[in-house]
Amino acid sequence: MIEIPSDLHPDLVPLAFLLGNWTGAGVAEFPGTDKCNFGQEVTFSHDGRDFLEYVSHSWVLDDEGKKTAPLETETGYWRIDAERKVEAVMIRDQGVAEVWYGELADQKPQIDLATDAIARTASAGEYSGGKRLYGYVKGDLMWVGEKATPEVPLRPYMSAHLKKVVDPSEWAKDLKDLPDDGIAFFK
């Protein structure tokens, strides 16, 4: 179920499905790099203004699912207008700044984005553009990213399946007079 916080800026209601903390795993593969499984934590939050704040941390997973090395960190801001056009500004730890434009699909929680502008530091790897698709499917957040370099045409390079992280203490604050029987340990 999608909850809409009472203090969410009215313009952001169509993006409410993104709000929260998400965690999960995915696969990364691109020519010139080793294929790997990765873990990811994503947070979409708001402070009442007309944008969502986005933070993503990912790391390489070994065959047993344990973290072995950082993979990528992104931060950014997402907005939507009355015509369901989405804009995002993202910065990656690899020395890349991106402006993304796209739209929220009609009648479903799905966002298609494509890069409009890219800036790279001198130490950043080759990168000339990207596309992303985000979807809210049966309560989970799924995404796939495509990227291009001068040598490699646009192709998928990362995808993940994320589940919403739930904090039981959030549920408990609304419950009154729970018995101290060991079951209500989070009260």
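A cavity, on a 1 Å grid over the protein atoms alone, is a set of points where a 1.4 Å probe fits but cannot get out. Its volume is the space filled by probe spheres set on the points, which are joined across faces, edges and corners.

This is a predicted model: local features need pLDDT of at least 70, side-chain atom pairs count only at pLDDT 80 or more, and totals for chains, interfaces and linings use all residues. Residues are numbered from 1 along each chain as its sequence is written, and side-chain values use heavy atoms, without hydrogens and water.

Searching the whole structure turns up one cavity of 30 Å³ or more. The largest cavity has a volume of about 50 Å³. Lining residues (an atom within 4 Å of a point) include Glu72, Glu74, Arg132, Trp143 and Tyr157. Strand 3 (52-61), strand 4 and strand 10 each give two or more residues to this lining. Strands are DSSP runs of E, at least two residues, numbered from the N terminus.

Now the second largest pocket. A pocket is an open set with protein on both sides within 12 Å along at least five of seven lines. The volume here is about 360 Å³. Of its 20 lining residues, Thr33, Glu72, Gln94, Lys147 and Tyr157 are the closest to its centre. Strand 4 (67-80) and strand 10 (155-164) each supply at least two lining residues.

Technical notes:
Helices (H or I, at least four residues) and strands (E, at least two) are DSSP runs, numbered from the N terminus.
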